[in-house]
Amino acid sequence: MYQSPFTWFPHVKMKFLIMVFLAAFPLHAAGHAPQVYLAGDSTMANYAEKNPQRGWGMALGRHFVDPAMVHNLAISGRSTKSFIARGNWEKLLAEIQAGDFVIIQFGHNDEKVELPKTGTDVATEFPENLRRMVRDVRTKQAVALLATPVARRKFDREGRLVATHGAYPDAIRAVARELDVPLLDLERATMAWLQEEGVEASKKYFVGLTPGAHPGSTDTAPDNTHFLAPGAEKVAALAVAEIRASKLPLAQWLK
């Protein structure tokens with residue numbers, strides 16, 4: 001009975017698939033940069049200049065040789081379910097071309113299972129939506145990257161950062177392994193960063209922690225989820241580090 005060589009050497013499977021993909025589809029002319037599309041929620045999304053809140057997707061472009069390579073289609077409040085249901089995913093698919101990259105980061109709003117049009121079951125609908133997204137991107141001969149959700153700033157009484165996303169990050173990791181998708185583990189990266197910063201020093205990265213401190217913002221309630229510019233910039237740098245570690249061809253377009 002025939003056995004795939006990947007049965008013997010599973011650790012080479014992803015690298016082999018990437019090499020085959022690139023060999024089969026010389027999709028961008030030499031020197032022409034692929035485009036990078038972002039699908040996600042408010043922690044990644046764009047905001048108006050007068051709003052002090054910043055998604056990390058707003059800071060990602062400056063890490064590339066051409067900032068215009070990055071197209072941030074993330075939208076505040078979206079989950080995998082609502083991003084698909086409201087047509088945002090179809091819009092993204094209509095824009096991407098062969099050889100492009102799509103970074104997919106959800107979880108914050110999928111957790112809201114009390115909202116029927118937003119929340120998703122972590123064991124069923126959430127991973128199936130991720131699988132659909134990966135397959136759709138691959139159908140367009142582009143490359144999907146999955147990202148775990150960024151950490152919230154929540155410390156216990158002993159000053160230890162607390163994980164708040166439940167089983168959702170592990171579900172993303174499982175789909176990444178199952179479908180051989182490059183993973184940007186932003187939950188782990190941002191948890192390590194915030195833990196190092198500590199309870200007090202980490203405040204300066206988040207919105208609404210100092211009432212009246214940010215002109216243009218009417219939100220004076222503590223917000224331990226959404227970033228100010230320094231926080232978004234740090235997360236973008238962590239995402240870039242994950243891209244480099246993935247050893248994808250996309251890294252050649254980083255500064």
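Analyst: Let me begin with the chain as a whole. Of the contacts between residues at least 6 apart in sequence, 71% link residues at least 24 apart; a contact here means heavy atoms within 4.5 Å. What you are looking at is a predicted model, where local features need a pLDDT of at least 70 and side-chain atom pairs count only at 80 or more, while totals for chains, interfaces and linings use all residues. Residues are numbered from 1 along each chain as its sequence is written, and side-chain values use heavy atoms, leaving out hydrogens and water.

The predictor's confidence in each residue is given as pLDDT, on a scale from 0 to 100. Its mean over the chain is 89, and 83% of the residues reach 70 or more. Residues 1–12 fall below 50, and this stretch has four contacts in the model beyond near neighbours in sequence. Residues 16–27 are also below 50, with 13 such contacts. Where pLDDT is low, the predicted coordinates should not be read in detail.

The chain has nine helices and five strands. Both are DSSP runs numbered from the N terminus: helices are H or I with at least four residues, strands are E with at least two. Of the 255 residues, 49% are buried, a word that stands for under 20% relative accessible area; exposed means over 50%, and partly exposed lies in between (1.4 Å probe, protein chains only).

Now for the sheet. Its five strands form an open sheet with parallel pairing, in the order β2-β1-β3-β4-β5. Because β2 (70–72) and β5 each have a single partner strand, they stand at the edges, and one side of each is left without a neighbour in the sheet. Two strands are said to pair if DSSP finds at least two bridges between them. In general, strands of a sheet pair through backbone hydrogen bonds, either parallel or antiparallel.

What lies on either side of it? β3 pairs with β1 (residues 36–40) over five bridges in the parallel sense. In that pairing, Val-102 of β3 is the bridge partner of Tyr-37. β3 also pairs with β4 (residues 143–147), again parallel and over five bridges, and there Phe-101 stands opposite Val-143.

The loop between α6 and β4 holds Gln-141, which has a phi near 60 degrees, a positive value in a residue other than glycine. At 29% relative accessibility, Gln-141 is partly exposed.

Going on from β4, we come to β5, joined to it in parallel by two bridges; Leu-146 stands opposite Leu-183 of β5. Asp-180 sits in the loop between α7 and β5. Although Asp-180 is not a glycine, its phi is positive, about 55 degrees, and with a relative accessible area of 16% it is buried. Val-181 is found in the loop between α7 (168–179) and β5 (183–184), and it counts as buried at 2%. From Val-181 to Arg-131 the C-alpha distance is 10.0 Å, although 50 residues separate them in sequence.

To finish, let us turn to β1 and the loop between it and α3 (56–60), where Gln-53 is placed. Gln-53 is buried, at 12% relative accessible area. Its side chain makes a polar contact of 2.9 Å with that of Tyr-47; such a contact is a pair of N or O atoms within 3.5 Å, where within protein one must be able to donate a hydrogen and the other to accept it, and residues adjacent in sequence count only if both atoms are side-chain atoms. Leaving aside residues up to four places away in sequence, Gln-53 touches several others, among them Ser-42, Val-207, Asp-223 and His-226.
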